[in-house]
Amino acid sequence: MGLTATKTRPAAPRREVTKSRGGRPTKSAAIERDQRLIEVATRLFLDRGFDATSLDAVAEAARVSKPTVYSRYGDKRGLFAAVLRREIDRWLAPLSAAAETQLSSGSNIPVEQRLVEIGREMLTFTCGPDAVAFSRMMTAQAINFPDVAKLGKEEGWLKAVATTARFFDHLVAQGALDVEDTTIAAEVFLDVVVGHTHRMATFGTALDIKTAEKRTRAAIKLFLAGALGPADRVQSSAKSTQRRAAR
């Protein structure tokens, strides 16, 4: 599975907000309104950037009143935080799904193959155009709005580390990995596997799929050189000996 480009987000549909007898939107209508606001805000932030996006523009595009937007999110920073939180959840979903798949797979599958699948999912959602665009916006706003940077760290990076660490706990229990601290191991794994490629994408460097996947495989081999469990280490050593003998 290679990297996939994120499709252009369609414009949010225009719907009338159903109101209760008291004049306030019903619960379902309010939820639908908030979803529409987030979708519209996401599109505008991606198209225009943080500075050029105003709450007035979001309100107009989402066909809601300005007081509604201000009362719901307070200011543009609050709206951006809500958008970022939803986007992070989307990015983490593939990682969680891949980890769960590997957890339920048979223990006879080589650990390297399992990690390659995890690495591919990581590349897909961290180096896609939307993820890169939001990463740039977070970096640009981190000094002025440190709470936004904190949100990106806590909701994004730390949750990705925690998900990967739980998977590593499973591999340690199987004897496939030999690490003392799975949280540190997860941080190192994520950094060496996708960190460089994500940084280059953020800098605007064109992403070559084959090169990125080749680098991922090489990074995983380096990671496993110091983290394989006893059985897998013996098996890996035997394979290396066989490859050298075949040359």
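Reply: Once neighbours within four places in sequence are set aside, Phe 189 is in contact with Leu 115, Ile 118, Thr 164, Phe 168, Ile 220 and Phe 223. Please keep in mind that this is a predicted model, and that the contacts described here are computed from its atoms.

Phe 189 belongs to the largest nonpolar core, a group of 62 residues, and it is listed with Phe 80, Leu 84, Leu 115 and Phe 168 as having the most contacts inside that core. Helix α4, which covers residues 76-104, supplies the largest share of this core, namely twelve residues. The core also draws on two domains, with at least three residues coming from domain 1 (29-74) and at least three from domain 2 (92-232).

Among the partners of Phe 189 is Thr 164, which sits in helix α7, the helix made of residues 146-174. Is Thr 164 buried or exposed? Its relative accessibility is 3%, and because buried means under 20%, Thr 164 counts as buried. Apart from residues up to four places away in sequence, Thr 164 touches Leu 95, Ala 186, Phe 189 and Leu 190. A further distance can be followed from this residue: Thr 164 and Thr 182 are 18 residues apart along the chain, and their C-alpha atoms are separated by 8.4 Å.

Helix α5 is made of residues 111-126, and 13 of its 16 residues are buried, so α5 is largely enclosed by the rest of the structure.

Turning to another helix, Asp 34 is placed in α1, which runs over residues 27-48. With a relative accessibility of 15%, Asp 34 counts as buried, and beyond its neighbours within four places in sequence it is in contact with Arg 72 and Tyr 73. The 22 residues of α1 should span 32 Å at 1.5 Å a residue, and since the end C-alpha atoms are 31 Å apart, the two values agree. Just after α1 comes Gly 49, which takes a positive phi of about 90°.

The UniProt record, in an unreviewed entry, lists residues 54-73 under "DNA-binding region".

Of its 247 residues, 43% count as buried. Among the contacts with a separation of 6 or more, 72% are between residues 24 or more positions apart. The accessible surface of the chain comes to about 13,900 Å², and 53% of that surface belongs to carbon and sulfur atoms.

Key. Residues numbered from 1 in each chain as written. Predicted model: local features only at pLDDT ≥ 70, side-chain atom pairs only at ≥ 80, totals over all residues. Heavy atoms only, no water. Core = buried A, V, L, I, M, F, W, Y, C linked by side-chain atoms within 4.5 Å. Buried < 20%, exposed > 50% of the residue type's maximum accessible area, 1.4 Å probe, protein only. Helix = DSSP H or I, 4+ residues; strand = E, 2+ residues; numbered from the N terminus. Domains from an automatic or database assignment. Contact = heavy atoms within 4.5 Å. Areas by Shrake-Rupley, 256 points an atom, 1.4 Å probe, with all protein chains shown as cover. UniProt positions renumbered as here; feature names shortened; annotations may be inferred. Expected span 1.5 Å × (residues − 1).
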